[in-house]
Amino acid sequence: MSKESTARERVKTDATDVVGQPLSNGDLEQKLQNRRDRQQLVLWRSPLQTLCYFILELSVLLRDYGSRIIRHKRMLAALSLFTFTLYLVYNINGFHQSYVLSFRKQFIWCAYWVGLGILSSVGLGTGLHTFVLYLGPHIAAVTLAAFECMSVDFPEPPYPDDIICPEIEGETMSLWTIMGKVRLEAFMWGAGTAIGELPPYFMARTSRLSGQFDEEEQELEELLEGRESRELTILEKVKIFVHDFIQRVGFMGILLCASVPNPLFDLAGITCGHFLIPFWTFFGATLIGKAIIKMHIQKLFIIFVFSERHVEKVIRLIKMIPHFGPSLQVPFKEYLRKQKTKLHHVKGSSVPAETSMLSWIFEKVVMLMVAYFVMSIINSMAQSYHRRVNENSQSKKSTKE
């Protein structure tokens with residue numbers, strides 16, 4: 001079956017307009033054409049139109065959320081009073097300033113990792129992979145430093161911005177000591193990923209209560225309805241399994257799906273919202289799975305891989321790669337040597353600014369991934385506005401008829 005005929009059948013399974021009336025053949029063709037146009041609305045195909053639609057969708061969202069905030073006057077007044085109180089406490093001199101500065105430092109540190117966690121899971125699969133870009137390298141750096149210094153009592157400052165060995169070094173180092181050192185940032189990042197899973201849940205829940213389904217829900221419904229009538233791909237079978245598993249098992253199913261690396265977990269949020277599973281059941285299982293269970297698995301893996309003997313063994317194995325091995329081994333050995341030297345520099349002394357090839361490559365990879373994330377957000381919001389325009393047009397047409 002061709003992609004065109006498959007898309008046509010999927011549209012027919014949802015053959016009603018936005019006010020619940022059956023669609024004619026002409027309307028079905030128009031809806032199919034709108035979907036094709038929406039999929040083509042990306043920056044690299046229609047940059048000006050995509051940017052225009054992105055700005056319009058952003059203005060609609062800001063106006064919508066602004067009006068919602070204004071309607072909650074009591075909450076807005078309480079939040080304003082709380083913010084003003086914090087401002088006074090922060091700026092008035094007194095014995096409390098040491099506690100305020102300590103709290104400020106800890107709050108910013110936690111908020112940083114929560115924010116990165118949210119960026120990692122928000123966006124229905126288009127999130128920024130902040131574990132690979134930020135938390136993973138941070139844990140790896142702490143692990144390498146811990147085994148080199150035989151201690152995790154790094155001087156603060158410069159830690160966490162920079163790591164140097166303490167004056168008094170230990171004799172042994174264990175995985176559990178390193179896990180304790182990075183526990184807070186890892187938990188906060190995991191909590192952020194759990195928070196980032198809430199938008200699909202709330203969108204599906206709102207759509208179910210209002211009777212109007214968004215595109216992600218429609219695609220899931222079409223997939224479930226067509227599972228017996230056509231051959232499914234492996235990805236579609238996995239999506240159906242996740243949907244059915246969570247629907248049958250409930251809390252434990254959500255917990256299990258959240259406790260392992262699962263790129264299809266957005267389906268869990270959509271499924272739970274669609275079937276009106278209580279918020280705390282969904283969020284509680286997601287928080288425990290992502291911030292505690294999954295995070296400990298990921299921490300153990302990174303710490304194990306980047307422990308001293310494993311890193312040195314990997315560098316030795318690189319040399320065994322045919323033809324390119326010796327050339328590839330050099331930058332890795334040089335990078336490791338520089339990092340060890342940097343760990344032992346005296347606090348307050350200057351360190352020569354050297355940029356290794358690996359650091360340069362990693363920086364460019366980060367820039368490319370951030371750019372792709374921003375582009376995916378722009379494309380997604382532009383397509384949302386395109387869908388909004390089509391639905392408004394269909395609604396006006398149905399009202400006239």
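# Helix H5 and its surroundings

H5 has 25 residues and spans 36 Å from its first C-alpha to its last, close to the 36 Å expected at 1.5 Å a residue. That expected span is 1.5 Å times one less than the number of residues in the helix. The model is predicted: local features need pLDDT of at least 70, side-chain atom pairs count only at pLDDT 80 or more, and totals for chains, interfaces and linings use all residues. Residues are numbered from 1 along each chain as its sequence is written, and side-chain values use heavy atoms, with hydrogens and water left out.

**Chain overview**

- The chain comes to 17 helices and zero strands. Helices (H or I, at least four residues) and strands (E, at least two) are DSSP runs, numbered from the N terminus.
- Of the 401 residues, 38% count as buried. Buried means under 20% relative accessible area, exposed means over 50%, and partly exposed lies in between (1.4 Å probe, protein chains only).
- Among contacts with a separation of 6 or more, 68% come from residues 24 or more positions apart. A contact means heavy atoms within 4.5 Å.

**Burial and packing of H5**

- The buried residues of H5 are Gln97, Val100, Trp109, Cys110, Trp113, Val114, Leu116, Gly117, Ser120 and Ser121.
- They pack against helix H4 (73-91), H6, helix H8 (183-196) and helix H13 (266-274).
- Ile118 also belongs to H5. Ile118 is partly exposed, with a relative accessible area of 28%.
- Ile118 touches Gly192, Thr193, Ile195 and Gly196, not counting residues up to four places away in sequence.
- Ile118 and Thr193 are 75 residues apart in sequence, yet 4.9 Å apart in space, C-alpha to C-alpha.

**The H5–H6 contact**

- H5 and helix H6 (residues 130-149) pack at an angle of about 145°, with their axes 9 Å apart. Axes are lines fitted to C-alpha atoms, for helices over the stretch in contact, and angles run from 0 to 180 degrees between N-to-C directions.
- H5 contributes Trp109, Tyr112, Trp113, Leu116, Gly117, Leu119 and Ser120, while H6 contributes Thr130, Tyr134, Leu135 and His138.
- By class, this contact has seven nonpolar, four polar and no charged residues. Ala, Val, Leu, Ile, Met, Phe, Trp, Tyr, Cys and Pro count as nonpolar; Asp, Glu, Lys and Arg as charged; the others, Gly among them, as polar.
- His138 of H6 is buried at 11% relative accessibility.
- His138 touches Trp109, Trp113, Tyr159, Val182 and Glu185, not counting residues up to four places away in sequence.

**Aromatic rings and a charge**

- The whole structure holds 14 aromatic pairs. Rings of Phe, Tyr and Trp (its six-membered ring) pair if their centres lie within 6.5 Å; planes under 30 degrees apart count as stacked, over 60 as edge-to-face and the rest as tilted.
- The ring centres of Trp109 and Tyr112 are 6.4 Å apart and the planes stand at 15°, so this pair is stacked.
- Both residues lie in helix H5 (residues 97-121), three residues apart, about one turn of the helix.
- The ring centres of Tyr112 and Trp113 are 5.0 Å apart with planes at 75°, so this pair is edge-to-face.
- Tyr112 is partly exposed, with a relative accessible area of 40%, whereas Trp113 is buried at 2% relative accessibility.
- Elsewhere, ring pairs link Tyr201, Phe202, Phe279, Trp280, Phe282 and Phe283 into a cluster.
- The charged end of Lys181 sits over the ring of Tyr159, 4.6 Å from its centre. This requires NZ of Lys or CZ of Arg within 6 Å of the ring centre and within 35 degrees of the ring normal.

**Helix H13**

- H13 is mostly covered, with nine of its nine residues buried.
- Those buried residues are Asp266, Leu267, Ala268, Gly269, Ile270, Thr271, Cys272, Gly273 and His274.
- Just after H13, Leu276 takes a positive phi of about 55°.

**Phe54 in H3**

- Phe54 lies in helix H3 (residues 47-71). Phe54 counts as buried at 18% relative accessibility.
- Phe54 touches Ile378, Met381 and Ala382, not counting residues up to four places away in sequence.
- Phe54 and His386 are 332 residues apart in sequence and 9.4 Å apart in space, C-alpha to C-alpha.
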